[in-house]
There are 2 protein chains.
Amino acid sequence: MPYLVCSKCGDKYSVKDPVWKCFCGGLLDLEFTPVFDRQAIAARPHSMWRYREALPLEDDRNIITFGEGYTPLTTFKLGGREILIKQDQLFPSGSYKDRGAAVLISKAKELGIKEVVEDSSGNAGCAVAAWCARAEIACQIFCPASTSPGKTAQIEMYGAQLVLVPGSREDTSRAVLAAAETHYYASHAWNPFFFHGTKTWAYEVWEQLGWQAPDTVILPAGNGTLLLGAYIGFKELLAAGETQKMPKIVAVQSENSAPLAKAFREDLDYVPAIDKKDTLAEGIAIAEPVRGMQIVQAVRETGGDFLTVSDTEVEASLVELSRQGAYIEPTSAATTAAAARYLVNKPPSELAVTVFTGHGLKSTEKMLKILEHRRR
Amino acid sequence: MPYLVCSKCGDKYSVKDPVWKCFCGGLLDLEFTPVFDRQAIAARPHSMWRYREALPLEDDRNIITFGEGYTPLTTFKLGGREILIKQDQLFPSGSYKDRGAAVLISKAKELGIKEVVEDSSGNAGCAVAAWCARAEIACQIFCPASTSPGKTAQIEMYGAQLVLVPGSREDTSRAVLAAAETHYYASHAWNPFFFHGTKTWAYEVWEQLGWQAPDTVILPAGNGTLLLGAYIGFKELLAAGETQKMPKIVAVQSENSAPLAKAFREDLDYVPAIDKKDTLAEGIAIAEPVRGMQIVQAVRETGGDFLTVSDTEVEASLVELSRQGAYIEPTSAATTAAAARYLVNKPPSELAVTVFTGHGLKSTEKMLKILEHRRR
């Protein structure tokens, strides 16, 4: 029987409890033993739900789905080198966050929850709002007042209640935590079920590579929603004997907001305070990631590394990929910029996989600025 | 051996000729006998290229692909009735036009073409620009000067040369026809290879329904790019003995721009001149569709119908779908509005399929206006 366990005090909770953090304030993780049946998986429709026995839902009738997932794993060039990139910008709401929302909101339905709150710089809010709409669960999405109109319009069209919070991204986090005292918090940072959705990224890579793990995955590290999901997924595959190794996890931060890279490099056991600056890669600019040390430990454990990229590199990678027909949001290009740098001097035999995290259509204002900038 | 044939004078051309219309000025169609091998199809990756032997390309090495297609066929409610909707907004460039661009630009590469021109109110231009970027084919995209910044930014990011034409959509068509005197015209209206890409919509529906044709398909009719593709696809499946019937095609126009509905209702053998008005469904507001009579004839032949919808209906359908978590562009909601009307009083046994044509992220300005409108 699966259960929730506190990473701080070790207390356990039933998965039937609508809790998203421990009473001690600690982070909850889900203890769960997935089952993989390759023959059954291969015979099912191509969505992330084909790994049904590896997803922590009791009753199929609670699955809320648009048929999402199983995104293409496609070759692109980064700095002249070929690499496989998983096109998670092609999810219904336009980002990989749909993986997490699909499992979390299905679980919320299973728990009988009628209303949730979530905070987001944009993408997670869109994903949660979309799934809540389909699940007929009311939701409030807290966003920084500076969030682009493209994202807030999407959230409101889904019928969610948009709460714009003046100030920084961290101010928004504080505002939602207050609301979460009385509501279920469908958080992409706190809620363990979200990560048991994003872990499907690892399953799909495994299947698309012919049921094997890659040598290396290069993933963004803001709140670590995808990175920790991939870590869980590959770890489950290894434990189940479905793969023979754990991929090395290379984490990417913007050099303008890199608390975790600092913790990693300086061998700290806490997330240091930083002086966060604006960056093109706003989606991963998280000064105080709640699962920060889990991210650093996952990278350490897999023998990985942290790379930080400048906005100049982000813009260059965005343009390089656009010129190959890939339209992604600037935050996504931070990861590809780092992947390009990572690949330099690596042997061709190293099987590396990275990701497009969000659609370029989410960032029209930034695209117009970049085009203007390059015309000068 | 496949060949191109003029629908006006009957002249034939080799598929190795880089022609897009007959010397007599007539429309060219592709004569081609596809092959369907269900076992081979089912064993391949889930993209539109799984129907390889039904796509008119000689050499696999010319295939330009992002792994696109095989979009989810998902149940949504329209006016309280359930219907299957194919989510073609989930293509890489954000619309079903990618189906056509994938085959046409691959064919252009096969023909050794180095530069193309195309005109578009937005979506076809984005699709052609994306595929040209990946194919390393230069392209110029002609758009009305009023095209939304979201679409023009996307076209320019792909590296295409954007040519903004003052005046109406028809002025843009005239401008590109002049350019097409000296360039290969990668037209989603003229070029027959485009329709042999959009026909994959029919193949996928057929496979997703368990290798059968639906009773009815409800499809937009601007230039008829998807409608004529679906007509070709279902006709090929019928001719190959893969299905037992032709679906009834129900065509949708905006009541503010409905020349084909008028031709159909008045039993005309030409496309009448109309007084086109602005509409939320700008993507299907085509006053002079070059394949207009082919569209009308396809609808007549299948025992179908034309439905016209008001902007009020379009907005209501857009909101109804957003509230179910589907984010589509307003043009796309013209088709779903008509589908809702079509379903009234139809027996539950009638198997109808419709489509989401383009992503809501393409239309942020319009979404903001609609939200504003509904707040008043």
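**Terms and values**

Reader: Why is Lys262(B) called partly exposed?

Author: Lys262(B) has a relative accessible area of 34%. Buried means under 20%, exposed over 50%, and partly exposed in between (1.4 Å probe, protein chains only). The value of 34% falls between these limits, so Lys262(B) is partly exposed. The model is predicted: local features need pLDDT of at least 70, side-chain atom pairs count only at pLDDT 80 or more, and totals for chains, interfaces and linings use all residues. Residues are numbered from 1 along each chain as its sequence is written, chains are lettered from A and ligands numbered from 1 in the order in which they are written, and side-chain values use heavy atoms, with hydrogens and water left out.

Reader: Where does Lys262(B) lie, and with which residues is Lys262(B) in contact?

Author: Lys262(B) belongs to helix α9 (residues 259–265) of chain B; helices (H or I, at least four residues) and strands (E, at least two) are DSSP runs, numbered from the N terminus. Apart from neighbours within four places in sequence, Lys262(B) is in contact with Leu268(B) and Pro272(B), where contact means heavy atoms within 4.5 Å. Between Lys262(B) and Phe306(B) there are 8.8 Å in space, C-alpha to C-alpha, and 44 residues in sequence.

Reader: What makes Ala298(B) buried?

Author: The relative accessible area of Ala298(B) is 1%, which counts as buried. Ala298(B) is placed in helix α10 (residues 292–301) of chain B and touches Leu227(B), Leu228(B) and Tyr231(B), residues up to four places away in sequence not being counted.

Reader: Which residues of α10 (residues 292–301) of chain A are buried, and what covers them?

Author: The buried residues of α10(A) are Gly292(A), Met293(A), Ile295(A), Val296(A), Ala298(A) and Val299(A). Their cover includes α8 (225–239), β11 (248–254), α9 (259–265) and β12 (305–309) of chain A. Just after α10(A), Gly303(A) takes a positive phi of about 70°.

Reader: Why are α11(A) and α13(A) called roughly perpendicular?

Author: The axes of α11 (residues 311–322) and α13 (residues 364–375) of chain A come within 12 Å and cross at roughly 95°. Axes are lines fitted to C-alpha atoms, for helices over the stretch in contact, with angles from 0 to 180 degrees between N-to-C directions. Angles under 35 degrees count as roughly parallel, over 145 as roughly antiparallel, 65 to 115 as roughly perpendicular and the rest as oblique. The crossing of roughly 95° therefore makes α11(A) and α13(A) roughly perpendicular to each other. In this contact, Glu315(A), Leu318(A) and Val319(A) of α11(A) meet Met367(A), Ile370(A), His373(A) and Arg374(A) of α13(A). These residues divide into four nonpolar, one polar and two charged (Ala, Val, Leu, Ile, Met, Phe, Trp, Tyr, Cys and Pro count as nonpolar, Asp, Glu, Lys and Arg as charged, and the others, Gly among them, as polar).

Reader: What makes Glu136(A) exposed, and what is the phi of Glu136(A)?

Author: At 70% relative accessibility, Glu136(A) counts as exposed. Its place is the loop between α3 (123–135) and β7 (138–144) of chain A, and its phi is near 60°, a positive value in a residue other than glycine. Most residues other than glycine have a negative phi. In chain B, Glu136(B) has a positive phi of about 55° and counts as exposed at 72%.

Reader: How much area is buried between chain B and chain A?

Author: About 3,500 Å² is buried, and carbon and sulfur atoms give 62% of this area. Buried area is the accessible area (1.4 Å probe) that two parts lose on being put together, summed over both. The contact takes 42 residues from chain B and 42 residues from chain A. In chain B, Phe66(B), Met157(B) and Leu361(B) lose the most area to chain A, together 21% of what that side buries.

Reader: Why is Gln324(B) called buried?

Author: Gln324(B) has a relative accessible area of 15% and is therefore buried. Gln324(B) is in the loop between α11 (311–322) and α12 (330–343) of chain B, and the residues it touches, leaving out those up to four places away in sequence, are Phe66(A), Ala133(A), Arg134(A), Phe76(B) and Lys77(B).
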